[in-house]
Amino acid sequence: MDGAQKQEIPSSEQDQENDIVTQEAAFAYGEPVQDGTGPPKVDSEVEIVHEKVTKQVIKEGHGQRPSKYATCFLHYRAWTESTQHKFEDTWQEQRPVELILGKEKKQLTGLGIGVSNMKSGERALLHVGWELAYGEEGSFSFPNVPPMADVLYEVELIGFDETGEGKARTDMTVEERIGSADRRRMDGNALFKEEKLEEAMQQYEMAIAYMGDDFMFQLFGKYRDMALAVKNPCHLNTAACLIKLKRFEEAIAQCSTVLAEDENNAKALYRRGKARAELGQTEAAREDFLKARKHAPEDKAIARELRLLAEHDKAVYQKQKEIYKGIFGPPPEPKPKNTATSWFILIWQWLMSLFARLSKQVTHKTD
C-alpha cells in the first residue's frame, strides 16, 4: 500500500522525544476531567440543539462540525439524570466508540444529535430526553436504564471522517482500514510539528481505533506487518506528546504497548526510559536505555540520557555523603597538651607516693 510507505526521520541528530515516528509501514488520550463518580459540574451556557437535547461546553473544540453520515470517534460517560446512576463509561475501555451520524442505534439518537453539534476535540455535557434515549420501556439488559429516564452524557468528540471516507470500519477492506489509519497518522504528524499536541493525539487515537484488537487478531503475514507499521508509530508518537505534556505514566503505557509486539524497539525503549527517568525510576530507566543502546548503538540521544543518569547518581552519592557527614560530624581533634600542668601532676604524684612510703615505715617501727 503506497500510503503506508514513509521515510523515517533520523533520530541521532536530534532529541528522540522530538522525533515523530514515520517509519515504513489508551488507549484513551482525552483524559476525563471528572473521576467518574458523578456528572461533571458545568457553568457554561446551555445551548438548545434540539427540542429534547441541550449541550454545555466543558472544553472548546476546533474546526468544523461533522455532517450526516460522518463516522465519529468519541468517548462518553452516561448517567440517568434522576438517580445519577452511571451505566456506561467508554473511557474505562480505553478505546473510542465509533458512531455514524444518522445510522446510530435508536437509543443513541439523542447522543448522535448532540455529537453532530460538536467540533473535534470538544468535550461537552449533553442532556437527552428519554424519548431520544432508552425510551418508555428503558433497558433491563446492558446497559441497565430504567423506563422514561432522561440521560446525561459527558462526551468528548475525538474526531471524525466525513461522508466521502466515513465508512464503518467493519465494512472496509484491510487495505482501506490501514490506509485510513495511515492518513490519520500523517495528519497527527503535521499537528505534532506545529506543537498542537492534544490535536495530534486525537489523530493518532483515531488511527489506532481503525486497528483494534479484534481487527489485529485476524491479520497475518504482510497484512499484520503493514498494520503494525502504522499502529506502532501512532503509539510512539502519542508517547512523545505525553512526555512533552508531562503525562509520564500514560507515556509508559503507550511504549509498553509497542514493546509487547516488538520487545527490541529502540524508540519505545528510549521513550519509556525517558518517562521513567522523569518519574525518578532511575534503575528501570537505565535498564531501558541500556537495552535501547544495544539495538541503536550510535544513537546520541540514548548516550546522552545514560550520561545524565550517571551524573545524577554521582550527585546523589555526594549529597548522601554530605548528609552522613552532617549526622555523625567530623572526628574530634585531640586537645593540645599543657606541658607545665603535666609536670606539676607528675611531681604531685611522686610526692604523694613518697609520703605514703614514709608513713608505712613509721607505722612499722611503732609496732
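Reply: Happy to. This is a predicted model, in which local features need pLDDT of at least 70, side-chain atom pairs count only at pLDDT 80 or more, and totals for chains, interfaces and linings use all residues. Residues are numbered from 1 along each chain as its sequence is written, and side-chain values use heavy atoms, with hydrogens and water left out.

Me: How do helix H6 and helix H7 run relative to each other?
Reply: Helices (H or I, at least four residues) and strands (E, at least two) are DSSP runs numbered from the N terminus. H6 (residues 248-261) and H7 (residues 266-278) have axes 9 Å apart and pack at about 155 degrees, where axes are lines fitted to C-alpha atoms, for helices over the stretch in contact, and angles run from 0 to 180 degrees between N-to-C directions. Angles under 35 degrees count as roughly parallel, over 145 as roughly antiparallel, 65 to 115 as roughly perpendicular and the rest as oblique. H6 and H7 are therefore roughly antiparallel.

Me: How do the residues of the contact of H6 with H7 divide by class?
Reply: Contact means heavy atoms within 4.5 Å, and among the residues making it are Phe 248, Ile 252 and Leu 259 of H6 and Leu 269, Arg 272 and Glu 278 of H7. Ala, Val, Leu, Ile, Met, Phe, Trp, Tyr, Cys and Pro count as nonpolar, Asp, Glu, Lys and Arg as charged, and the others, Gly among them, as polar. The division is nine nonpolar, one polar and four charged.

Me: Are H5 and H7 roughly parallel or roughly antiparallel?
Reply: Helix H5 (residues 221-244) packs against H7 at an angle of about 20 degrees, with the axes 10 Å apart. The contact includes Leu 236 and Ile 243 of H5, together with Ala 268 and Lys 274 of H7. From that angle, H5 and H7 are therefore roughly parallel.

Me: And how are H7 and H8 oriented to each other?
Reply: The axes of H7 and helix H8 (residues 282-295) come within 8 Å and cross at roughly 160 degrees. Residues that meet here include Tyr 270 and Gly 273 in H7 and Phe 289 and His 295 in H8, and by class the contact has eight nonpolar, two polar and five charged residues. H7 and H8 are therefore roughly antiparallel.

Me: Which peptide bond is cis?
Reply: Most peptide bonds are trans. Pro 143 sits in the loop between strand E6 (123-128) and strand E7 (151-161). With omega near -5 degrees, the cis bond is the one from Phe 142 to Pro 143.

Me: Which residue has a positive phi although it is not a glycine?
Reply: Most residues other than glycine have a negative phi. The residue in question lies in the loop between strand E2 (53-59) and strand E3 (71-80). With a phi of about 75 degrees, it is Tyr 69.

Me: Which strand gives the largest share of the lining of the largest pocket?
Reply: The largest pocket is lined by 24 residues, with Pro 96, Val 97, Glu 98, Lys 105 and Arg 169 nearest its centre. By class, this lining has 10 nonpolar, four polar and 10 charged residues. A pocket is, on a 1 Å grid over the protein atoms alone, an open set of points where a 1.4 Å probe fits, with protein on both sides within 12 Å along at least five of seven lines; lining residues have an atom within 4 Å of a point. The largest share, four residues, comes from strand E5 (residues 97-100).
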